[in-house]
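Please examine the sequence and the model shown here.

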Amino acid sequence: MKRLRWILMLGLPLSAHAVPGLDALQVTTDAAGGQTYTLSIQILVFMTVLTLLPAALMLTTSFARIIIVLSILRQALGTQNAPSNQILIALALFLTFFIMSPVFQEVNETALQPYMAEKIEAPEALKRAAKPLRKFMLAQTREDDIGLFARIGDYGEFQDPADVPFTVLLPAFATSELKTAFQIGFLLFIPFLIIDMVVASVLMSMGMMMLSPMIISLPFKIMLFVLVDGWALIFGTLAGSFFT
């Protein structure tokens, strides 16, 4: 372990000189011998982007629709905390990566790799990365939602989808995703609601008013969901609801 530690300590300065990076901290020495420490603007911008990354992941990808549908499904089943929130988030995250993989691959090929190879500058890389993401978001966004935020922001009418700015596209896409998620959730809720109504009617006719219908209907709803291979249907429907 000591030998490995010494190797790492000796290798860190060499790697720092070999690999170019951001000057996070700059030290300036004045005429009196004092030193002034300044933080690079680039590292501040980078940290700001990192704080906005979770919001961008949720509201510019398929994550929001998936997590809302899975949450409504759990409520319709009546299983309370099964699956747990951590499992639902993990399922939504991995399914998001699956759905967004063509977009991420295009961003990597057209923007990230040329930027890493120093063939293009950062502004050009951001411009190229925005194109496949805009294409995906426009394909899922309703024209009515775009028109709504265009009227609110007084942007006028857009003649071409390429004319829609991100300031309009982002809230329009989020609104469309919420609408679609609740529509899918409504359709999921109906069969489980019918089971609850049937069980409640049977218990009422038998005079068993003190027994909760939710307790009796829960195993029937789980059995129905398992028999129809519900998880495969849900994931297949969610993946198929996104078109590019």
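Along the sequence, the chain follows the pattern α-β-β-α-α-α-α-α-α-α-α, a total of nine helices and two strands. Helices (H or I, at least four residues) and strands (E, at least two) are DSSP runs, numbered from the N terminus. This is a predicted model, in which local features need pLDDT of at least 70 and side-chain atom pairs count only at pLDDT 80 or more, while totals for chains, interfaces and linings use all residues. Residues are numbered from 1 along each chain as its sequence is written, and side-chain values use heavy atoms, with hydrogens and water left out.

Of the 244 residues of the chain, 28% count as buried; buried means under 20% relative accessible area, exposed over 50%, and partly exposed in between (1.4 Å probe, protein chains only). The chain exposes about 16,600 Å², and carbon and sulfur atoms supply 69% of this area, as computed by the Shrake-Rupley method with a 1.4 Å probe. Among contacts in the chain with a separation of 6 or more, 62% are between residues 24 or more positions apart, where contact means heavy atoms within 4.5 Å.

Two packed helices are described by the angle between their axes and the distance between the axes. The axes of helix α5 (residues 122-140) and helix α7 (residues 166-205) come within 9 Å and cross at roughly 45 degrees. That angle makes α5 oblique to α7; angles under 35 degrees count as roughly parallel, over 145 as roughly antiparallel, 65 to 115 as roughly perpendicular and the rest as oblique. The axes are lines fitted to C-alpha atoms, for helices over the stretch in contact, and angles run from 0 to 180 degrees between N-to-C directions.

On the α5 side, the contact is made by Ala130, Arg134, Phe136, Met137, Leu138 and Gln140, and on the α7 side by Phe166, Leu169, Leu170, Phe173, Ser176 and Glu177.

Is glutamate 177 buried or exposed? Glutamate 177, placed in helix α7, is buried, with a relative accessible area of 1%. Leaving aside residues up to four places away in sequence, glutamate 177 touches Thr61, Ser62, Arg65, Gln140 and Phe242. Glutamate 177 and methionine 137 are 40 residues apart in sequence and 9.8 Å apart in space, C-alpha to C-alpha.

Isoleucine 215, in helix α8 (residues 213-227), is exposed, with a relative accessible area of 57%.
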